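Trainee: I would like to learn how to read a protein model feature by feature. Could you take me through one, giving the general idea before each case?

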Amino acid sequence: MFTETRQLFPTFADTNGPADGERPTAIALLQRYDAGSSFFLGTPERTLLGSGVRARLTRHPDEPMAAALRRLFADGTQNDDTPAIAVGALPFAPEAHPVLFIPHRLDAAAPLARHAITRTKAAVRSSETQERPTEALYARRVQQALDLMRQSTLKKVVLSRMLEVVGEGEIDQAMVLRNLASRNSAGYTFAVDLPTASGRVRRLIGASPELLLQRMGEHVLANPIAGTAPRSNDPGEDLARSRKLLHSAKDRHEHELVVKAVAETLRPYCRNLEVPPVPELIATARVWHLSTRIRGKLIDPAPSSFDLALALHPTPAVCGEPRDLARRAIEQLEGFDRGLFTGLVGWCDANGNGEWAVTIRCAEIEANRANLYAGAGIVSESEPWREVAETAAKFRTLLDALQGSGV
Ligand SMILES: C=C(O[C@H]1C=CC=C(C(=O)O)[C@@H]1O)C(=O)O
(Lines give C-alpha, C1' and ligand atoms only; values in the text may rest on other atoms or scores of the structure.)
Protein backbone atom coordinates (compact mmCIF):
# COMPACT_ATOMS: atom_id res chain seq x y z
CA MET A 1 0.00 0.00 0.00
CA PHE A 2 1.29 3.46 -0.88
CA THR A 3 1.14 5.98 1.93
CA GLU A 4 1.35 9.74 1.43
CA THR A 5 3.11 11.97 3.93
CA ARG A 6 0.50 14.71 4.05
CA GLN A 7 0.20 15.47 7.74
CA LEU A 8 3.64 17.00 8.05
CA PHE A 9 4.05 18.41 4.58
CA PRO A 10 1.76 21.15 3.30
CA THR A 11 1.63 21.65 -0.45
CA PHE A 12 -0.18 25.02 -0.61
CA ALA A 13 1.47 27.58 -2.83
CA ASP A 14 1.51 30.84 -0.87
CA THR A 15 4.22 30.31 1.67
CA ASN A 16 5.06 33.75 2.73
CA GLY A 17 1.68 35.09 3.72
CA PRO A 18 0.18 34.46 7.14
CA ALA A 19 1.02 31.07 8.64
CA ASP A 20 -1.63 28.34 8.56
CA GLY A 21 -2.66 28.16 12.24
CA GLU A 22 0.41 27.01 14.16
CA ARG A 23 2.36 26.25 11.01
CA PRO A 24 5.40 28.50 10.40
CA THR A 25 6.07 30.19 7.08
CA ALA A 26 9.00 29.18 4.89
CA ILE A 27 10.67 32.54 5.48
CA ALA A 28 10.29 32.10 9.25
CA LEU A 29 12.04 28.71 9.03
CA LEU A 30 14.90 30.22 7.01
CA GLN A 31 15.26 33.04 9.53
CA ARG A 32 15.19 30.60 12.46
CA TYR A 33 18.16 28.70 11.01
CA ASP A 34 20.97 29.27 13.53
CA ALA A 35 23.48 27.56 15.81
CA GLY A 36 20.98 24.98 17.14
CA SER A 37 19.76 24.00 13.68
CA SER A 38 20.99 20.68 12.33
CA PHE A 39 19.35 20.63 8.89
CA PHE A 40 17.66 22.89 6.35
CA LEU A 41 16.19 21.97 3.01
CA GLY A 42 14.21 24.20 0.69
CA THR A 43 12.77 22.38 -2.34
CA PRO A 44 10.20 23.38 -4.99
CA GLU A 45 7.64 21.51 -2.83
CA ARG A 46 8.50 22.24 0.80
CA THR A 47 10.80 23.82 3.35
CA LEU A 48 12.21 21.80 6.25
CA LEU A 49 14.10 22.94 9.33
CA GLY A 50 15.62 20.33 11.67
CA SER A 51 16.85 21.07 15.19
CA GLY A 52 19.18 18.82 17.16
CA VAL A 53 19.75 15.11 16.58
CA ARG A 54 17.48 12.45 18.12
CA ALA A 55 19.14 9.41 16.52
CA ARG A 56 22.04 9.09 14.07
CA LEU A 57 22.50 6.37 11.44
CA THR A 58 25.29 3.94 12.25
CA ARG A 59 26.27 1.11 9.96
CA HIS A 60 27.66 -2.29 11.01
CA PRO A 61 30.42 -3.68 8.78
CA ASP A 62 28.91 -4.96 5.50
CA GLU A 63 25.38 -4.00 6.62
CA PRO A 64 23.26 -2.87 3.65
CA MET A 65 22.36 0.81 3.84
CA ALA A 66 18.60 0.05 3.75
CA ALA A 67 18.94 -2.16 6.86
CA ALA A 68 20.87 0.59 8.69
CA LEU A 69 18.09 3.02 7.79
CA ARG A 70 15.44 0.67 9.23
CA ARG A 71 17.40 0.59 12.49
CA LEU A 72 17.55 4.38 12.45
CA PHE A 73 13.76 4.61 12.16
CA ALA A 74 13.37 2.07 15.00
CA ASP A 75 15.74 4.12 17.23
CA GLY A 76 14.37 7.52 16.32
CA THR A 77 10.61 6.99 16.34
CA GLN A 78 8.89 8.45 19.39
CA ASN A 79 5.99 6.86 21.22
CA ASP A 80 3.54 9.44 19.95
CA ASP A 81 2.06 10.15 16.54
CA THR A 82 4.99 12.25 15.29
CA PRO A 83 6.09 10.70 11.97
CA ALA A 84 9.85 10.06 11.97
CA ILE A 85 11.70 11.70 9.09
CA ALA A 86 15.36 10.90 8.39
CA VAL A 87 17.39 13.73 6.87
CA GLY A 88 20.98 14.25 5.77
CA ALA A 89 23.53 13.57 3.08
CA LEU A 90 25.23 10.57 1.49
CA PRO A 91 28.74 10.77 0.00
CA PHE A 92 29.81 10.25 -3.61
CA ALA A 93 31.60 6.99 -2.79
CA PRO A 94 28.87 4.42 -1.94
CA GLU A 95 31.16 2.73 0.62
CA ALA A 96 31.89 5.98 2.53
CA HIS A 97 29.97 6.91 5.67
CA PRO A 98 26.68 8.83 5.34
CA VAL A 99 25.50 11.69 7.55
CA LEU A 100 21.88 10.69 8.18
CA PHE A 101 19.85 11.39 11.30
CA ILE A 102 16.43 11.99 12.77
CA PRO A 103 16.30 15.51 14.21
CA HIS A 104 14.85 16.23 17.65
CA ARG A 105 12.36 18.49 16.01
CA LEU A 106 11.48 18.97 12.34
CA ASP A 107 9.39 21.92 11.21
CA ALA A 108 7.87 21.97 7.75
CA ALA A 109 6.42 24.73 5.61
CA ALA A 110 5.47 25.20 1.98
CA PRO A 111 8.19 26.25 -0.52
CA LEU A 112 10.12 29.49 -0.33
CA ALA A 113 8.48 31.78 -2.86
CA ARG A 114 10.60 33.53 -5.44
CA HIS A 115 11.89 37.00 -4.60
CA ALA A 116 10.39 36.74 -1.11
CA ILE A 117 13.72 36.92 0.66
CA THR A 118 14.92 40.40 1.42
CA ARG A 119 18.37 41.44 0.24
CA THR A 120 21.14 39.93 2.22
CA LYS A 121 24.77 40.80 2.90
CA ALA A 122 28.31 39.36 2.77
CA ALA A 123 28.85 36.30 4.97
CA VAL A 124 32.58 36.87 5.43
CA ARG A 125 35.05 39.77 5.51
CA SER A 126 37.60 39.79 2.70
CA SER A 127 39.06 36.43 1.88
CA GLU A 128 41.89 34.66 0.07
CA THR A 129 41.20 31.91 -2.43
CA GLN A 130 43.26 29.02 -3.72
CA GLU A 131 42.26 26.70 -6.56
CA ARG A 132 43.06 22.98 -6.38
CA PRO A 133 44.12 22.09 -8.97
CA THR A 134 44.97 25.34 -10.75
CA GLU A 135 43.06 26.15 -13.94
CA ALA A 136 46.03 25.11 -16.10
CA LEU A 137 46.39 21.76 -14.34
CA TYR A 138 42.65 21.11 -14.52
CA ALA A 139 42.76 21.77 -18.27
CA ARG A 140 45.60 19.22 -18.55
CA ARG A 141 43.53 16.67 -16.64
CA VAL A 142 40.59 17.21 -18.97
CA GLN A 143 42.99 16.55 -21.86
CA GLN A 144 44.15 13.35 -20.11
CA ALA A 145 40.50 12.29 -19.77
CA LEU A 146 40.03 12.88 -23.51
CA ASP A 147 43.12 10.75 -24.20
CA LEU A 148 41.65 7.97 -22.01
CA MET A 149 38.44 8.14 -24.06
CA ARG A 150 40.37 7.55 -27.26
CA GLN A 151 42.18 4.54 -25.74
CA SER A 152 39.23 2.87 -23.95
CA THR A 153 35.46 2.52 -23.93
CA LEU A 154 35.11 5.49 -21.54
CA LYS A 155 32.39 7.77 -22.98
CA LYS A 156 32.01 10.35 -20.24
CA VAL A 157 33.69 11.33 -16.99
CA VAL A 158 32.85 14.17 -14.59
CA LEU A 159 36.02 15.89 -13.37
CA SER A 160 35.89 18.36 -10.54
CA ARG A 161 38.06 20.82 -8.71
CA MET A 162 38.08 22.69 -5.40
CA LEU A 163 38.33 26.31 -4.39
CA GLU A 164 39.58 26.94 -0.86
CA VAL A 165 38.38 30.20 0.65
CA VAL A 166 39.97 31.55 3.84
CA GLY A 167 38.19 34.54 5.37
CA GLU A 168 39.53 37.18 7.74
CA GLY A 169 37.00 36.15 10.37
CA GLU A 170 34.30 33.49 10.96
CA ILE A 171 32.05 32.81 8.01
CA ASP A 172 28.41 33.51 8.90
CA GLN A 173 26.95 30.14 7.87
CA ALA A 174 23.31 31.19 8.31
CA MET A 175 23.97 34.17 6.03
CA VAL A 176 25.47 31.89 3.37
CA LEU A 177 22.29 29.82 3.49
CA ARG A 178 20.04 32.91 3.26
CA ASN A 179 22.07 34.32 0.36
CA LEU A 180 21.82 31.00 -1.49
CA ALA A 181 18.06 30.77 -0.89
CA SER A 182 17.52 34.33 -2.12
CA ARG A 183 19.42 33.71 -5.37
CA ASN A 184 18.40 30.11 -6.12
CA SER A 185 14.82 29.78 -4.92
CA ALA A 186 13.86 27.41 -7.78
CA GLY A 187 16.23 24.61 -6.76
CA TYR A 188 17.26 22.68 -3.66
CA THR A 189 18.90 24.82 -0.98
CA PHE A 190 20.42 22.81 1.83
CA ALA A 191 22.51 22.93 5.00
CA VAL A 192 23.57 19.79 6.86
CA ASP A 193 25.49 19.70 10.16
CA LEU A 194 28.55 17.47 9.90
CA PRO A 195 29.98 15.74 12.97
CA THR A 196 33.45 17.08 13.89
CA ALA A 197 36.10 15.97 16.36
CA SER A 198 36.85 19.64 17.20
CA GLY A 199 33.31 20.30 18.42
CA ARG A 200 33.16 23.28 16.03
CA VAL A 201 30.22 23.64 13.66
CA ARG A 202 31.08 22.28 10.24
CA ARG A 203 28.36 22.37 7.64
CA LEU A 204 27.68 21.29 4.11
CA ILE A 205 25.81 24.20 2.50
CA GLY A 206 24.66 24.54 -1.09
CA ALA A 207 22.00 25.19 -3.72
CA SER A 208 21.62 22.35 -6.20
CA PRO A 209 19.53 22.63 -9.35
CA GLU A 210 19.31 18.82 -9.71
CA LEU A 211 16.70 16.42 -8.29
CA LEU A 212 18.04 12.88 -8.22
CA LEU A 213 14.71 11.39 -7.20
CA GLN A 214 11.45 12.20 -5.49
CA ARG A 215 8.93 9.56 -4.48
CA MET A 216 5.52 10.42 -3.04
CA GLY A 217 3.21 7.40 -2.84
CA GLU A 218 3.19 5.77 -6.27
CA HIS A 219 4.62 8.83 -8.06
CA VAL A 220 8.26 9.10 -8.90
CA LEU A 221 10.09 12.06 -10.45
CA ALA A 222 13.74 12.37 -11.50
CA ASN A 223 15.26 15.49 -13.04
CA PRO A 224 18.66 14.74 -14.57
CA ILE A 225 20.66 17.82 -15.45
CA ALA A 226 23.80 17.83 -17.61
CA GLY A 227 25.08 20.23 -20.25
CA THR A 228 25.96 23.73 -19.06
CA ALA A 229 26.70 27.23 -20.37
CA PRO A 230 27.82 30.20 -18.22
CA ARG A 231 25.30 33.07 -18.23
CA SER A 232 26.05 36.62 -19.38
CA ASN A 233 24.98 39.95 -17.82
CA ASP A 234 24.05 41.15 -21.30
CA PRO A 235 20.46 39.92 -21.98
CA GLY A 236 21.04 39.42 -25.74
CA GLU A 237 24.24 37.47 -25.21
CA ASP A 238 22.60 35.49 -22.39
CA LEU A 239 19.77 34.40 -24.70
CA ALA A 240 22.23 33.53 -27.48
CA ARG A 241 24.20 31.33 -25.08
CA SER A 242 21.05 29.49 -23.97
CA ARG A 243 20.05 28.79 -27.60
CA LYS A 244 23.55 27.61 -28.44
CA LEU A 245 23.45 25.23 -25.47
CA LEU A 246 20.10 23.79 -26.51
CA HIS A 247 21.47 22.97 -29.97
CA SER A 248 25.01 21.97 -28.95
CA ALA A 249 25.78 18.39 -30.11
CA LYS A 250 28.41 18.05 -27.36
CA ASP A 251 26.00 19.07 -24.57
CA ARG A 252 23.12 16.98 -25.97
CA HIS A 253 25.45 13.95 -26.00
CA GLU A 254 26.57 14.66 -22.41
CA HIS A 255 22.92 15.05 -21.35
CA GLU A 256 21.55 11.98 -23.16
CA LEU A 257 23.98 9.66 -21.37
CA VAL A 258 22.47 10.74 -18.04
CA VAL A 259 18.83 10.52 -19.15
CA LYS A 260 19.39 7.03 -20.60
CA ALA A 261 21.05 5.76 -17.38
CA VAL A 262 18.32 7.22 -15.13
CA ALA A 263 15.47 5.88 -17.31
CA GLU A 264 17.04 2.40 -17.54
CA THR A 265 17.43 2.20 -13.75
CA LEU A 266 13.86 3.35 -13.00
CA ARG A 267 12.01 1.40 -15.74
CA PRO A 268 11.92 -2.02 -13.98
CA TYR A 269 10.22 -0.42 -10.94
CA CYS A 270 7.58 1.47 -12.93
CA ARG A 271 4.33 0.52 -14.66
CA ASN A 272 4.75 3.57 -16.82
CA LEU A 273 7.63 5.98 -17.30
CA GLU A 274 7.49 9.20 -19.31
CA VAL A 275 10.83 10.25 -20.74
CA PRO A 276 10.62 13.46 -22.80
CA PRO A 277 12.52 13.00 -26.11
CA VAL A 278 14.31 16.37 -25.94
CA PRO A 279 15.69 18.34 -23.01
CA GLU A 280 14.53 21.79 -21.91
CA LEU A 281 16.56 24.77 -20.72
CA ILE A 282 16.68 25.81 -17.08
CA ALA A 283 18.61 28.73 -15.60
CA THR A 284 20.28 29.27 -12.26
CA ALA A 285 21.60 32.73 -11.36
CA ARG A 286 24.96 31.82 -12.93
CA VAL A 287 24.51 29.07 -15.56
CA TRP A 288 22.13 27.59 -18.13
CA HIS A 289 21.51 23.85 -18.05
CA LEU A 290 19.87 21.15 -20.12
CA SER A 291 17.22 19.44 -18.01
CA THR A 292 14.82 16.48 -18.48
CA ARG A 293 11.94 15.71 -16.12
CA ILE A 294 11.27 11.95 -16.01
CA ARG A 295 7.99 10.91 -14.38
CA GLY A 296 6.76 7.45 -13.51
CA LYS A 297 4.16 5.45 -11.62
CA LEU A 298 5.64 2.76 -9.42
CA ILE A 299 4.65 -0.89 -9.31
CA ASP A 300 3.25 -1.91 -5.88
CA PRO A 301 5.14 -2.88 -3.68
CA ALA A 302 7.76 -0.31 -4.62
CA PRO A 303 11.19 0.42 -3.24
CA SER A 304 11.54 3.44 -0.96
CA SER A 305 12.81 6.79 -2.23
CA PHE A 306 16.05 5.94 -0.44
CA ASP A 307 16.48 2.59 -2.23
CA LEU A 308 15.62 4.15 -5.59
CA ALA A 309 18.06 7.02 -5.01
CA LEU A 310 20.81 4.55 -4.10
CA ALA A 311 20.05 2.48 -7.22
CA LEU A 312 20.52 5.61 -9.35
CA HIS A 313 23.60 6.95 -7.59
CA PRO A 314 26.09 7.90 -8.95
CA THR A 315 24.50 8.85 -12.29
CA PRO A 316 26.65 9.97 -15.25
CA ALA A 317 25.81 13.57 -14.20
CA VAL A 318 28.39 13.22 -11.42
CA CYS A 319 30.44 10.12 -12.34
CA GLY A 320 30.40 9.01 -15.97
CA GLU A 321 29.76 6.19 -18.42
CA PRO A 322 30.54 3.35 -18.03
CA ARG A 323 30.42 3.90 -14.27
CA ASP A 324 33.39 1.70 -13.25
CA LEU A 325 35.78 3.17 -15.80
CA ALA A 326 34.65 6.67 -14.91
CA ARG A 327 35.23 6.07 -11.19
CA ARG A 328 38.72 4.84 -11.92
CA ALA A 329 39.44 7.89 -14.08
CA ILE A 330 38.16 10.17 -11.28
CA GLU A 331 40.43 8.47 -8.74
CA GLN A 332 43.37 8.78 -11.10
CA LEU A 333 42.84 12.37 -12.27
CA GLU A 334 41.01 14.37 -9.62
CA GLY A 335 43.51 14.14 -6.77
CA PHE A 336 41.19 14.80 -3.80
CA ASP A 337 38.47 13.00 -1.86
CA ARG A 338 35.05 14.33 -2.92
CA GLY A 339 33.46 13.46 0.44
CA LEU A 340 29.80 14.51 0.33
CA PHE A 341 30.16 16.56 -2.89
CA THR A 342 28.32 14.81 -5.78
CA GLY A 343 26.49 12.57 -3.30
CA LEU A 344 22.84 13.04 -2.34
CA VAL A 345 21.07 15.26 0.16
CA GLY A 346 17.45 15.09 1.28
CA TRP A 347 14.89 13.37 3.45
CA CYS A 348 12.81 10.21 3.63
CA ASP A 349 10.12 8.85 5.91
CA ALA A 350 9.38 5.35 7.19
CA ASN A 351 6.74 4.90 4.44
CA GLY A 352 9.35 5.27 1.71
CA ASN A 353 8.43 8.77 0.57
CA GLY A 354 11.22 11.28 0.14
CA GLU A 355 13.20 13.75 -1.95
CA TRP A 356 16.90 13.46 -2.78
CA ALA A 357 18.84 16.18 -4.58
CA VAL A 358 22.29 15.77 -6.10
CA THR A 359 24.85 17.44 -3.80
CA ILE A 360 26.41 20.00 -6.16
CA ARG A 361 26.98 23.81 -6.04
CA CYS A 362 28.06 23.41 -2.43
CA ALA A 363 30.81 24.02 0.11
CA GLU A 364 31.94 22.55 3.39
CA ILE A 365 32.28 25.45 5.82
CA GLU A 366 33.95 25.56 9.24
CA ALA A 367 35.09 28.68 11.16
CA ASN A 368 36.81 30.99 8.61
CA ARG A 369 37.29 28.31 5.90
CA ALA A 370 35.10 27.13 3.05
CA ASN A 371 35.95 24.41 0.54
CA LEU A 372 33.93 24.96 -2.63
CA TYR A 373 33.48 22.23 -5.26
CA ALA A 374 32.59 22.26 -8.94
CA GLY A 375 32.72 19.62 -11.65
CA ALA A 376 32.03 19.33 -15.38
CA GLY A 377 31.03 16.44 -17.61
CA ILE A 378 33.75 15.57 -20.11
CA VAL A 379 32.78 13.82 -23.36
CA SER A 380 34.82 13.25 -26.52
CA GLU A 381 33.76 16.65 -27.98
CA SER A 382 34.90 18.61 -24.87
CA GLU A 383 37.45 21.42 -25.07
CA PRO A 384 39.63 21.73 -21.92
CA TRP A 385 39.44 25.52 -21.48
CA ARG A 386 35.66 25.55 -21.87
CA GLU A 387 35.44 23.08 -19.00
CA VAL A 388 37.67 25.39 -16.93
CA ALA A 389 35.25 28.27 -17.64
CA GLU A 390 32.25 26.08 -16.78
CA THR A 391 33.66 25.09 -13.38
CA ALA A 392 34.56 28.75 -12.70
CA ALA A 393 30.94 29.77 -13.43
CA LYS A 394 29.69 27.01 -11.10
CA PHE A 395 31.95 28.27 -8.25
CA ARG A 396 30.14 31.63 -8.55
CA THR A 397 27.00 30.18 -6.90
CA LEU A 398 28.83 29.80 -3.58
CA LEU A 399 31.18 32.76 -4.07
CA ASP A 400 28.15 35.06 -4.53
CA ALA A 401 26.62 33.66 -1.33
CA LEU A 402 29.87 34.21 0.60
CA GLN A 403 30.48 37.70 -0.76
CA GLY A 404 26.84 38.86 -0.89
CA SER A 405 27.38 39.58 -4.60
CA GLY A 406 25.46 38.60 -7.72
CA VAL A 407 21.77 39.15 -8.38
C1 LIG B 1 29.20 18.16 -11.18
C2 LIG B 1 28.48 19.28 -11.34
O3 LIG B 1 27.46 19.38 -12.23
C4 LIG B 1 26.88 18.27 -12.88
C5 LIG B 1 25.43 18.52 -12.90
C6 LIG B 1 24.87 19.36 -13.82
C7 LIG B 1 25.60 19.72 -14.96
C8 LIG B 1 26.84 19.20 -15.20
C9 LIG B 1 27.58 19.51 -16.44
O10 LIG B 1 27.03 20.17 -17.33
O11 LIG B 1 28.75 19.15 -16.53
C12 LIG B 1 27.45 18.20 -14.28
O13 LIG B 1 27.21 16.94 -14.86
C14 LIG B 1 28.73 20.50 -10.57
O15 LIG B 1 27.98 21.45 -10.70
O16 LIG B 1 29.71 20.51 -9.78
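Predicted model: local features only at pLDDT ≥ 70, side-chain atom pairs only at ≥ 80, totals over all residues.

Trainee: Which residues are closest to the ligand, and how many surround it?

Mentor: A residue is near a molecule if one of its heavy atoms lies within 4 Å of it. Here 18 residues surround the ligand, and the closest are Thr-228, Ala-317, Arg-361, Gly-375 and Gly-377.

Trainee: Which polar side-chain atom lies 2.5 Å from an oxygen atom of the ligand?

Mentor: A polar contact is a pair of N or O atoms within 3.5 Å; within protein, one must be able to donate a hydrogen and the other to accept it, and residues adjacent in sequence count only if both atoms are side-chain atoms. The atom you ask about belongs to Thr-228, while a polar side-chain atom of Glu-254 lies 3.0 Å from an oxygen atom of the ligand, and a polar backbone atom of Gly-227 is 2.9 Å from a ligand oxygen. Taken alone the ligand exposes 390 Å², and the protein buries 100% of that, with accessible areas coming from the Shrake-Rupley method with a 1.4 Å probe, where for residues only the protein chains shown count as cover.

Trainee: Which elements give two or more residues to the shell around the ligand?

Mentor: Helices (H or I, at least four residues) and strands (E, at least two) are DSSP runs, numbered from the N terminus. The elements in question are strand S13 (225–230), strand S22 (369–379) and helix H9 (384–403).

Trainee: Is Thr-342 buried or exposed, and what about Ala-367?

Mentor: Buried means under 20% relative accessible area, exposed over 50%, and partly exposed in between (1.4 Å probe, protein chains only). Thr-342 is buried because its relative accessible area is 2%, and Ala-367 is likewise buried because its value is 13%.

Trainee: Which residues does Gln-173 touch?

Mentor: Contact means heavy atoms within 4.5 Å. Not counting residues up to four places away in sequence, Gln-173 touches Val-201, Arg-203, Ile-205, Ile-365, Glu-366 and Ala-367. Gln-173 is found in helix H4 (residues 173–183) and counts as buried because its relative accessibility is 8%; its side chain also makes a polar contact of 2.9 Å with the side chain of Arg-203.

Trainee: How should I compare separation in sequence with separation in space, and where is Ile-294 relative to Ala-222?

Mentor: The two quantities are read side by side, one along the chain and one between C-alpha atoms. Ile-294 and Ala-222 are 72 residues apart in sequence and 5.2 Å apart in space, C-alpha to C-alpha. Ile-294 belongs to strand S17 and is buried, with a relative accessible area of 0%; among the residues that Ile-294 touches are Val-220, Leu-221, Ala-222 and Pro-224. By contrast, the C-alpha atoms of Met-149 and Val-166 are 17 residues apart along the chain and separated by 36 Å.

Trainee: Is Met-149 buried or exposed?

Mentor: Met-149, which is placed in helix H3, is buried, with a relative accessible area of 10%, and the residues it touches include Leu-154, Ile-378 and Val-379.

Definitions and conventions. Residues numbered from 1 in each chain as written. Heavy atoms only, no water.
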